[in-house]
Amino acid sequence: MSVAFTKEEDSEAQAANLPDRPISPHPNLVTPQGLAELDAALAEARAAYAAAQAEGGISVDRTAMARATRDLRYYSARRGSAQLMETPPNPDKLVFGGTVTFAREDGRVATYRIVGEDEADPAKGCVSYVSPLARALLGKSLGDTAILAGQEVEITALG
């Protein structure tokens, strides 16, 4: 047996031993959109698992099967622990699922929606409810101030 064949087999075996995706210790709060995204991700994981099994499972592509199994475990656990949180219309304080606009001392303005951990995407204006930004602003009302990253900000709009 050549050394190259052994190394290739070893690297494939290591790739098949993917670690589980970490599950947050925080409650799995989700917006209706976040729940729909979890359902879609779970369906995709189920399809990937079925495809990996249909293609011969572990004996053909151990990495694909390991990835599909890991994702299926993760999304099944996240969907099972999801707690749907409806956002009240026109809240007078920032709540989960709500949108906040704030102005910084230097004049910059930012808008974020407070969402669950799995649906957080700061580049799209969505931050997790356990983020420092959300923790500093949740429960605040229009005109209130808070300290973010050492700067004072003022809430200018809620939605």
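Is I23 buried, exposed or partly exposed? In this predicted model, I23 is partly exposed, with a relative accessible area of 44% (buried means under 20%, exposed over 50%, and partly exposed in between, using a 1.4 Å probe and protein chains only). Local features need pLDDT of at least 70 and side-chain atom pairs count only at pLDDT 80 or more, while totals for chains, interfaces and linings use all residues. Residues are numbered from 1 along each chain as its sequence is written, and side-chain values use heavy atoms, leaving out hydrogens and water.

I23 sits in the loop between α1 (3-16) and β1 (28-30); helices (H or I, at least four residues) and strands (E, at least two) are DSSP runs, numbered from the N terminus. Leaving aside residues up to four places away in sequence, I23 touches Y74, A77 and R78, where contact means heavy atoms within 4.5 Å.

One of these partners, R78, is buried at a relative accessible area of 2%. The side chain of R78 meets that of D118 in a salt bridge (2.8 Å, N to O), that is, a side-chain nitrogen of Lys or Arg within 4 Å of a carboxyl oxygen of Asp or Glu. This pair links distant parts of the chain, with D118 in the loop between β4 (109-115) and β5 (126-128) and R78 in helix α3, 40 residues apart.

The loop that holds I23 has a further link: R21 forms a salt bridge with D71, their closest N and O atoms being 3.6 Å apart. R21 lies in the loop between α1 and β1 and D71 in helix α3 (residues 62-81), so the pair ties together parts that are 50 residues apart in sequence.
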